[in-house]
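Please read them with the structure open.

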Amino acid sequence: MGHDTEARIVDVDPLSVDLPAAIVQMTELIDRIPAPAEAAPVVERLARWAAAPQRATVGETLDAISALLLVEGLGRAAIGPLQAARGPAAWADGRLTVAVATVFRPLLVDLVARWTLPTAPAAVFRHLGAETTADQARLCVAYAAGCLLPTAPQIRSLLTGFFGAGAGAAIVAQAQTQATAELDSALFTLVVLCRLLRVLPEAAGGAEAPLVALMAPGPAGLVRLFACECLCLVRSQSDCGRAQLVATLQLDAETVARARAWLVRGEQRFVEEAAAQMVAQNKAALERGLWQAAPGARRDWVDEAALSPCVVCVSGVLLHAHEAAAVDGDLVMTPTVARNVRAMALAASRSEPVLLQGAVGCGKTSLVEWMARRTGNELVTVHLSGSMDAKVLVGSYVTTQRAGDFEWRAGLLTTAVAEGRWMLIENIDLAPPDVIQTLLPLVESHTLFVASRGESIAAHARFRLFATLSAHGRARRAAGGLLGSSTWTRLEMDPLDAEFPQIIAGVFPPLAADAEALARAFGRVAEILHSGAG
């Protein structure tokens with residue numbers, strides 16, 4: 001989703017959603033959309049709940065809405081694309097999936113997280129009244145992911161975890177099985193994979209070899225062509241390389257051009273329409289009071305207890321959490337701290353690098369450490385200096401116990417990028433030139449280049465990069481190119497002087513009565529130290 005679209009969408013508090021009213025609006029939208037038969041009983045159950053809502057069943061209701069995001073993929077997989085319509089637009093536009101997602105956009109991270117729980121997919125598909133195999137469930141999730149990811153980057157890490165090693169190969173294997181007897185289903189499976197690979201290349205695991213096999217003479221021409229399109233995405237082929245690969249299929253030029261135009265232009269049109277629908281729904285929901293702009297008044301329907309176990313709500317932002325996530329409570333939420341936490345959580349949800357700028361002691365490091373604990377992510381901290389060698393971050397070859405032998409030892413940054421840890425770089429304005437050259441591609445393209453090994457490492461979906469910059473006048477010209485990158489989300493942190501009494505009372509409750517006096521004393525000592533240093 002482009003930055004212009006994001007700018008027109010008001011941030012909302014997910015716990016402010018009026019769940020019964022939102023379900024009513026969703027049913028109104030679905031009545032105007034062609035939907036598979038499997039959707040009808042789910043919509044009817046949700047409508048009955050909305051007419052007589054009960055707090056005790058909110059969790060099951062969210063499960064049913066989560067299942068409804070997948071039902072379109074199940075229906076299309078069952079009937080096949082060419083039987084569904086003689087033109088591709090009617091079955092490939094994902095209108096039902098997008099409609100449900102836009103109505104429940106504030107809760108989308110939680111709804112998608114329910115697909116990834118250990119009990120999924122059985123628990124999710126139970127709401128559809130359908131017995132599904134693991135292959136069918138995977139295809140339905142792939143269908144929904146391809147529809148949602150272009151306008152919902154915040155669900156990326158959840159889906160990357162779902163499509164583990166070998167997921168791409170498993171989807172291609174389905175197409176191979178279907179290619180001989182179920183042509184329509186084979187085409188549907190390959191189009192779903194193609195759409196998924198465009199937005200989530202990490203899902204390609206193991207797909208290259210079976211795609212090459214599917215391109216061999218034997219299957220129908222369109223099956224071979226769509227397999228070729230998927231292979232080009234797996235290999236990140238240039239336009240020239242793609243044309244050469246398609247030429248080896250020896251297919252009719254007009255058929256190739258028509259299919260290619262549909263794949264590219266149809267997808268562009270879909271993304272544009274989905275983004276426009278999201279903006280319109282955001283405005284309509286605010287006007288109708290279905291949810292509140294953050295920070296908003298929370299309603300009684302959705303609370304943190306009703307959320308998926310792998311999701312936490314951080315200042316009104318839903319984030320993917322892990323088993324090691326710590327409970328809230330060790331950060332005093334003053335108005336300034338709450339604003340900073342929310343801004344940082346929004347950036348983290350979109351995988352954007354965050355540059356925290358502020359005076360010494362304003363809580364930059366503490367904020368990142370707290371966020372890592374709150375989401376259960378391992379945090380690696382590096383303090384930069386002018387003498388820092390990039391090898392500490394990237395890695396180097398070191399000697400072994402055997403004379404003359406060397407082995408590669410990955411650096412802190414390389415390990416964090418590959419394994420999905422969070423990285424905090426302190427005093428980034430002190431970064432020497434070789435460190436800047438190492439960090440800049442990672443900031444701009446989420447790829448780390450290891451020159452000594454001729455290797456490029458795509459950042460893990462859970463990897464996050466944070467950096468601190470002190471605002472006390474220190475020269476920043478050396479890191480100007482890195483700090484000037486437009487891809488940073490800059491977080492200006494105001495001093496907490498006026499809120500020291502509240503912080504003291506929150507951290508040390510027995511001292512609450514003397515918090516004002518202690519804050520004044522601290523301020524006076526700080527002034528003396530500052531004047532002495534000058």
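Predicted model: local features only at pLDDT ≥ 70, side-chain atom pairs only at ≥ 80, totals over all residues.

1. Strand order. Five strands form an open sheet in the order β4-β7-β10-β3-β11, and the pairing is parallel. The edges are β4 (379–383) and β11 (489–492), each of which pairs on one side only. On average, neighbouring strands of this sheet are turned by 20 degrees against each other, direction ignored.

2. The β3–β10 pair. Strand β3 (residues 354–358) runs parallel to strand β10 (residues 464–470), and 5 bridges join the two. For a landmark in this pair, take V354, which stands opposite F466 in β10. As background, strands of a sheet pair through backbone hydrogen bonds, either parallel or antiparallel.

3. The helix on the sheet. Which strands does helix α18 touch? Helix α18 (residues 335–349) packs on the sheet with contacts to β3, β10 and β11. The direction of α18 makes about 170 degrees with that of β11.

4. Rolling a probe the size of a water molecule over the atoms shows where empty space is left. With a cut-off of 30 Å³ or more, the count is 3 cavities.

5. Largest cavity. Its volume is about 150 Å³. The lining has 14 residues, and those closest to the cavity centre are S157, L319, H320, A348 and R464. Strand β2 gives the most, with 3 residues. The helix named here, α18, also packs on the sheet described above. By class, the lining of the largest cavity has 7 polar, 5 nonpolar and 2 charged residues.

6. Second largest cavity. This one has a volume of about 70 Å³. Its lining is made up of V98, A101, T102, R105, L108, C147, L148, T151, A152, Q154 and M278. The elements giving two or more residues to it are α7 (95–103) and α10 (134–148). Helix α7 has the largest share, 3 residues. How do the lining residues divide by class? There are 7 nonpolar, 3 polar and 1 charged in the lining of the second largest cavity.

7. Where to look. For the largest cavity, centre the view on the group S157, L319, H320, A348 and R464.

Technical notes
Residues numbered from 1 in each chain as written. Heavy atoms only, no water. Pairing = 2+ DSSP bridges. Helix = DSSP H or I, 4+ residues; strand = E, 2+ residues; numbered from the N terminus. Axes fitted to C-alpha atoms, helices over the stretch in contact; angles between N-to-C directions. Contact = heavy atoms within 4.5 Å. 1 Å grid on protein atoms, 1.4 Å probe; cavity = no way out; pocket = protein on both sides within 12 Å on 5 of 7 lines; lining within 4 Å. Points joined across faces, edges and corners; volume = space filled by probe spheres on them. Nonpolar A, V, L, I, M, F, W, Y, C, P; charged D, E, K, R; others polar.
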